[in-house]
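Consider the structure shown below. The paragraphs that follow lead through its pockets, its domains and one of its strands.

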Amino acid sequence: MAHKITLIPGDGTGPEITEVAAKVVEATGVKIDWEIAHAGIDIMEKEGTPLPQSTLDSIAKNKVALKGPITTPIGTGFRSVNVAIRKELDLYSCLRPCKTYAGVKSKYNNIDLVVVRENTEDLYAGVEYPEDSEESKKIIEISKNKIREHSAISIKPISEFGTERIIRFAFDYAVKHSRRKVTAVAKANIMKCTDGLFFRTAQKVAKEYEGKIEYEERLIDNMCMQLVQKPELYDVIALPNLYGDILSDLCAGLVGGLGVAPGANFGNDIAVFEAVHGSAPKYKGQNKVNPTAVILSAKLMLEHIGEGGAAFRLEKAVSSVIAEKKRVTYDLGGVAGTREMGQAIIEKLKQ
Ligand code: NAD
């Protein structure tokens with residue numbers, strides 16, 4: 001039976017790369033019944049909203065979506081559709097595997113890290129008060145003048161509930177994918193309440209996996225240096241939202257950049273797969289950008305729907321096209337277009 005999956009083309013270069021990714025997935029032989037659902041700037045003009053309810057309903061019904069990037073215009077009041085999708089569907093876990101592929105220019109070899117970022121709490125919760133607002137004045141008063149007068153204030157909530165589910169996700173991922181270790185990362189020596197709770201909760205969850213998966217902790221500043229100097233020491237890395245956002249870009253940089261960095265957002269029973277990169281609007285319609293990141297996101301999707309064999313063959317085809325360097329896009333040193341690189345991957349899959 002075909003898997004019913006929501007396909008969101010997105011905007012900017014999103015439609016070009018998702019079209020190629022869908023064709024590549026079909027070439028693995030896995031039967032997919034795509035349900036196309038729109039979000040982003042283009043649909044905003046037609047429907048008056050960048051995120052129609054029908055799109056959210058489609059993801060909620062099918063439980064799995066492959067999504068193209070979506071632009072967040074600055075200064076228009078148009079909120080980030082990407083953040084809204086994660087919030088509306090409680091996709092609390094952001095997964096970003098970072099792996100080196102032969103042929104992608106990078107200062108490092110043999111990197112195979114997985115970053116697991118909490119998606120709903122922390123300084124990204126959106127609880128902010130401008131300078132001189134009633135709320136910030138009250139907080140300054142409660143702080144007993146630890147906060148300077150006229151400060152703007154952002155609140156950093158970290159809960160046991162939110163931490164427990166992200167750490168459990170990291171351990172379950174490690175078990176399922178035969179990983180050896182989970183490293184929890186925070187700054188608990190300074191933020192004893194919030195980051196302290198993150199570590200204490202992680203230690204509690206880690207006990208349940210004792211003997212199966214190793215557990216360790218690092219401070220975020222030290223972790224940045226360690227990853228640049230000794231990335232091979234790490235495996236699955238679990239972090240609160242803000243540190244996770246920054247560290248996942250650092251890890252994408254270790255493996256050669258955005259063109260090859262896949263991602264996924266998981267809730268309890270819904271998963272949305274998307275590249276780490278954005279809509280690269282300056283290249284829209286030019287058949288120019290690299291489809292690899294969204295194709296590798298589709299590989300994660302195939303694993304998730306129980307098509308591990310197809311996922312394995314897909315990754316092998318992508319890595320051999322990249323390694324040959326003959327039909328790759330500009331960012332990988334080639335002259336192929338988006339569609340030509342996709343076609344090269346399809347031909348590999350059929351060999
Ligand atoms: P971007 O990732 O779109 O592009 C930055 C640069 O990286 C591009 O100009 C291009 O040189 C390169 N690049 C990106 N993807 C590439 C690819 N597949 N192949 C080759 N080169 C590639 O980042 P940005 O310019 O900061 O953001 C553009 C828009 O995308 C913004 O509105 C932003 O909010 C949005 N965005 C969306 C998502 C998402 O949908 N999840 C993620 C990040 C940014």
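Helix α6 makes the greatest contribution to the lining of the second largest pocket, with six residues. Helices here are DSSP runs of H or I with at least four residues, strands are runs of E with at least two, and both are numbered from the N terminus. The model is predicted, so local features need pLDDT of at least 70 and side-chain atom pairs count only at pLDDT 80 or more, whereas totals for chains, interfaces and linings use all residues. Residues are numbered from 1 along each chain as its sequence is written, and side-chain values use heavy atoms, with hydrogens and water left out.

A pocket is an open set of points on a 1 Å grid over the protein atoms alone, where a 1.4 Å probe fits, with protein on both sides within 12 Å along at least five of seven lines; its lining residues have an atom within 4 Å of a point. The second largest pocket has a volume of about 360 Å³, a volume being the space filled by probe spheres set on grid points that are joined across faces, edges and corners. Of its 19 lining residues, F169, Y173, K176, F266 and H304 are the closest to the centre. At least two lining residues come from each of α6 (160–176), β12 and α10 (292–304). The lining comprises nine nonpolar, four polar and six charged residues, where Ala, Val, Leu, Ile, Met, Phe, Trp, Tyr, Cys and Pro count as nonpolar, Asp, Glu, Lys and Arg as charged, and the others, Gly among them, as polar.

The domain bounds come from an automatic or database domain assignment, which divides the chain into domain 1 (1–94 + 261–351), domain 2 (107–121 + 158–254) and domain 3 (128–157). Domain 1 and domain 2 each supply at least three residues to the lining of the second largest pocket.

The largest pocket has a volume of about 540 Å³. Its lining has 27 residues, with S80, N82, V83, R86 and R117 nearest the centre. Here α4 gives the most, with four residues. Because domain 1 and domain 2 both give residues to this lining, the largest pocket lies between them.

Strands count as paired if DSSP finds at least two bridges between them. Strand β1 (residues 3–8) also pairs with β3 in the parallel sense, over three bridges, and T6 has A65 as its bridge partner in β3.
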